[in-house]
Amino acid sequence: MLSTETIFSIPVLAVGGAAAVHATAYIHGEARRHLPRFWCFFVLTLASMAAVVLADGKLPFLLAWEAMGLASAGLVAFESKEKSVRKATWIYLLACHAGACALMLAGVLMNRPDAAVAAFACAVVGFGLKIGFPPFHAWLPEAHPAAPAPASAIMSGAMIPLGFYGFIRFFSVFCMEPSNAVVYGWTFLALGAIGSVGGILFALPQANLKRLLAFSSVENMGVVSMGLGLSALIAGKDAKNPLAALCMAGALAHVLNHAFLKGSLFLAAGSVLRQTGTLDQDRLGGLMRRMPFTGTLFAVNAFGLAGLPPLNGFLGELAIYIGAFSAIKTGDPVLVAAGFLVAVSLSVTGGLAIAAYAKAIGGTFLGEPRSKMADDAVETPRRMWVAQLFLTCLSVAMVPRTVLFVHSMTGGFATGILIVAAVLGMSFAAITVSLLLIRRFACPRGGEKPRLPVWDCGYDRPTARMAYTAMAFTQPLVDLFRPLLRTRRHVLPFKGDPASPSDAAIATETDDLALGGLWRPVFTKIARLFQRVHLLQNGSLHLYILIILMAVLALLVFAFVS
Amino acid sequence: MNILCIILAAILAPLFIGIVNQTKAFFGGRRGPGLFRLYADIRKLLGKSCPRPEHSTWIFDIAQSASLAAVAAAVIVFPWTGGGGLASLVPAALFFYLLAAGRFFTVIGSLDAGNAFEGMGASREVQFSALAELVVFVILGFLVFLAGDISLSGVLSGISPGEWRANVIPLVLVFLAFLAVFLLENCRVPFDDPETHLELTMIHEAMLLDVGGPDLAFALYGAALKFELLAAFLVMMFMPCFGNGWLHVLALFSGIALLSVATGIIESVMARMRFLKSPQTIMGAALVAALAVLIFVCF
């Protein structure tokens with residue numbers, strides 16, 4: 001059985017190592033001048049992440065936590081010449097500091113037994129700002145696209161789950177009390193359900209590949225959170241119930257699975273950016289033939305992260321599914337409600353994840369290139385895809401490892417089910433291979449594969465511009481959820497002769513709901529409030545001296561009176 | 001015996017599509033293509049070469065095989081003989097995830113062709129199936145609660161006449177909701193019309209526009225298997241239990257045949273609805289299933 005510390009340090013080391021190899025080639029050209037800065041912050045980030053896991057008390061933990069935020073902000077700001085990067089860095093720094101503040105408060109409150117729930121609430125804000133609990137996730141879709149790809153990989157794969165580490169480490173005792181377990185469980189369940197469904201919903205309309213992946217991180221953290229919440233609820237009823245351990249094991253396995261899969265996907269996104277100069281899926285396409293290694297590894301990892309058998313992403317989720325359905329089976333009203341919530345949220349998340357990752361693969365790598373940049377792309381230097389390959393191998397190794405891990409954590413409960421699931425996944429792969437062999441060798445003309453023009457309704461010269469774009473692919477789903485997504489359309493109507501329209505264009509943009517709907521108004525209000533304080537700082541020396549005098553007088557009066 | 005049943009299911013699958021088509025022909029006053037047309041089609045296609053679009057990649061090459069393999073894996077774990085065996089260890093969620101994996105391959109395979117119409121079909125497929133997943137898992141939750149078992153064979157252990165009498169309203173509601181999923185997942189009227197060969201109005205067929213030869217045979221056979229599998233799921237969900245013998249198998253396959261006839265009748269008396277109405281219908285089915293759960297749990 002692995003200790004919690006081990007589970008959370010594996011992603012730091014594995015994703016960190018792969019990202020370092022990838023970064024040696026990712027940063028190229030003019031940017032190489034700033035390499036020392038990059039490596040300085042990169043190493044500091046990894047070291048502070050390791051320190052977070054290894055810290056042996058509350059104070060060292062908080063110090064390491066703060067260092068982790070600052071060092072990674074340096075990474076996010078790497079391309080600080082871009083205005084958008086500077087903006088994203090500000091948002092990220094703000095999120096880090098607000099989180100650290102809340103954690104300090106939680107640390108103080110934890111010592112008082114009567115303020116345990118208040119401490120937990122502060123921790124939800126503090127750790128939630130790192131994990132990306134809704135509505136605290138607003139920094140993720142801003143910071144991840146702005147950061148260099150290796151940095152996004154370690155932040156998404158290894159750093160954000162550390163919030164769960166904080167919860168497990170400091171709030172396991174809190175959870176022992178049954179009344180607290182209910183608070184803990186429902187908080188995690190509700191935030192997880194909203195985060196997973198909302199996260200993947202907002203991933204759908206994103207044109208920027210890294211933004212899509214960032215929202216998908218919100219989704220996966222939601223899945224982990226639901227597993228932990230369900231585990232707490234079950235343990236609150238009966239601490240010895242193996243189902244609690246099963247949900248916990250599923251959630252922790254998903255942390256590892258997500259780290260490897262998402263780390264590799266972010267590295268692939270970085271390779272795409274390096275080779276084409278864009279991450280806009282509507283301008284990419286056709287990269288699978290031009291960058292076969294990057295594309296194949298991306299497809300495998302995206303398949304895994306869509307939560308489909310036989311890859312590892314599925315097995316962790318399956319453990320949570322088994323937990324949810326078993327909770328329904330118990331007949332206890334609270335557990336039935338919780339089980340339904342988890343099963344339904346997971347299924348919606350799964351369905352939408354298929355759409356989102358089919359879009360990511362299809363839009364970026366399949367079909368025809370939609371721009372010259374994509375057409376001219378070539379394969380990356382070898383070490384970039386080797387870094388991806390390393391993480392992909394870890395993902396594949398996680399298939400049996402997830403089963404073993406769940407087995408050791410639950411003491412054999414549900415092991416048979418997971419083994420059957422894993423074997424069934426393997427047999428799915430085996431049947432695929434045998435069907436390919438049948439097609440090749442048993443069919444008389446199966447070896448002949450003539451290349452024919454695609455069918456376009458009788459029109460004999462279809463061009464790449466007529467193929468479906470990534471945006472068009474998700475448009476029906478996006479339209480369905482329009483009230484929530486609030487996607488803005490910028491339409492440039494065509495001019496001139498209707499028979500040969502020219503210059504028409506459409507672009508869509510989907511902002512994060514929490515950023516636009518909650519944080520921006522809140523921070524605008526705060527800024528307006530502080531405008532008033534500006535009266536005291538108007539640059540006039542007389543005013544400052546007056547203020548100092550009044551302060552001294554007030555202090556004197558205070559001293560005499562008391 | 002389980003293996004014999006799997007082989008039987010594999011052999012019979014195209015027959016049920018034949019039954020649907022013959023029923024439709026009967027209602028249309030035509031002679032129809034015959035019950036065994038699909039067998040002949042598959043045989044013919046297997047003898048052809050395997051054309052590919054100009055710029056497709058390995059994804060297109062393996063897509064149809066992989067999606068048939070996923071359905072085949074689901075066929076292998078299905079409790080054809082009613083309970084016991086592998087299916088008592090397989091969680092019901094896994095069964096639907098296998099089908100989803102197959103669908104994923106069809107979708108990315110069609111995106112690989114770089115064809116506008118295939119993209120259109122794929123886009124609709126992911127939209128409708130994401131919503132169908134919701135209905136399926138609400139129904140699964142209901143069945144787990146009812147049966148007290150999370151495994152596939154437990155969920156499909158059937159409903160005795162006594163249970164039918166006691167809970168007739170929620171059971172009928174769940175039946176209707178799953179019927180909607182069954183028609184949707186198999187791309188039948190009123191959600192999709194396998195007969196129209198107009199690219200703009202299709203889902204499943206649109207994704208196969210550039211597929212030919214053995215690959216098309218795989219795709220057609222996979223669709224037939226999926227039809228049979230989901231029909232079997234629906235039949236076993238509500239059929240009273242006949243024990244684990246051949247009687248059960250006989251009842252199951254006659255049930256599937258009946259459901260095929262019913263599908264043919266539905267297709268003959270209904271037109272396909274507008275695509276914009278489909279998501280609303282599926283959401284409606286989800287609400288109906290949720291209502292059934294509420295009625296069952298609360299009363």
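Accessible areas come from the Shrake-Rupley method with a 1.4 Å probe. The figures below show a predicted model.

**Figure 1. Overall view of chain A.** The accessible surface of chain A comes to about 22900 Å², and carbon and sulfur atoms account for 70% of that surface. Chain A contains 22 helices and three strands. Its radius of gyration is 26 Å, close to the 24 Å that the globule rule gives for 562 residues, so chain A is as compact as a globular protein of that length. The C-alpha trace of chain A spans about 105 × 65 × 45 Å along its principal axes. Of the 562 residues in chain A, 55% are buried. Among the contacts in chain A between residues at least 6 apart in sequence, 76% join residues at least 24 apart.

Figure 2. For Cys122(A), the nearest cysteine sulfur belongs to Cys101(A) and is 10 Å away. Cys122(A) is buried, with a relative accessible area of 15%. Cys175(A) is likewise in no disulfide, and the nearest cysteine sulfur, that of Cys247(A), is 13 Å away. The relative accessibility of Cys175(A) is 17%, so this residue counts as buried.

Figure 3. Helix α17 of chain A covers residues 382–410 and includes Gln388(A). The relative accessible area of Gln388(A) is 0%, and the residue is buried. Leaving aside neighbours within four places in sequence, Gln388(A) is in contact with several residues, among them Ser264(A), Leu267(A), Thr294(A) and Phe298(A). Gln388(A) and Ala18(A) are 370 residues apart along the chain, but their C-alpha atoms are separated by 7.1 Å.

**Figure 4. Close-up of Leu98(B) and its contacts in chains A and B.** Leu98(B) belongs to helix α4 of chain B, which covers residues 92–112. At 0% relative accessibility, this leucine counts as buried. Leaving aside neighbours within four places in sequence, Leu98(B) is in contact with Pro309(A), Leu424(A) and Phe428(A) in chain A, and with Ala70(B), Ala73(B) and Ala74(B) in chain B. From Leu98(B) to Gly32(B) the distance is 34 Å, C-alpha to C-alpha, and the two residues are 66 apart in sequence.

**Figure 5. Close-up of two cis peptide bonds in chain A.** Pro134(A) and Pro135(A) are joined by a cis peptide bond, with omega about 0°. Pro135(A) lies in the loop between α5 (116–131) and α6 (140–146). A cis peptide bond also joins Pro309(A) and Pro310(A), with omega about 10°. Pro310(A) lies in the loop between α13 (292–305) and α14 (312–330). Pro309(A) is also one of the residues in contact with Leu98(B).

Figure 6. Arg486(A) is not a glycine, yet its phi is positive, at about 50°. This arginine is in the loop of chain A between α20 (482–485) and β2 (488–492). At 54% relative accessibility, Arg486(A) counts as exposed. Cys187(B), also not a glycine, has a positive phi of about 55°. The loop that holds Cys187(B) runs between α8 (168–185) and α9 (214–238) of chain B. Cys187(B) is buried, with a relative accessible area of 7%.

Methods
Residues numbered from 1 in each chain as written. Chains lettered and ligands numbered in written order. Predicted model: local features only at pLDDT ≥ 70, side-chain atom pairs only at ≥ 80, totals over all residues. Heavy atoms only, no water. Helix = DSSP H or I, 4+ residues; strand = E, 2+ residues; numbered from the N terminus. Rg over C-alpha atoms; globule rule 2.2 N^0.38 Å. Buried < 20%, exposed > 50% of the residue type's maximum accessible area, 1.4 Å probe, protein only. Contact = heavy atoms within 4.5 Å. Disulfide = S-S within 2.5 Å.
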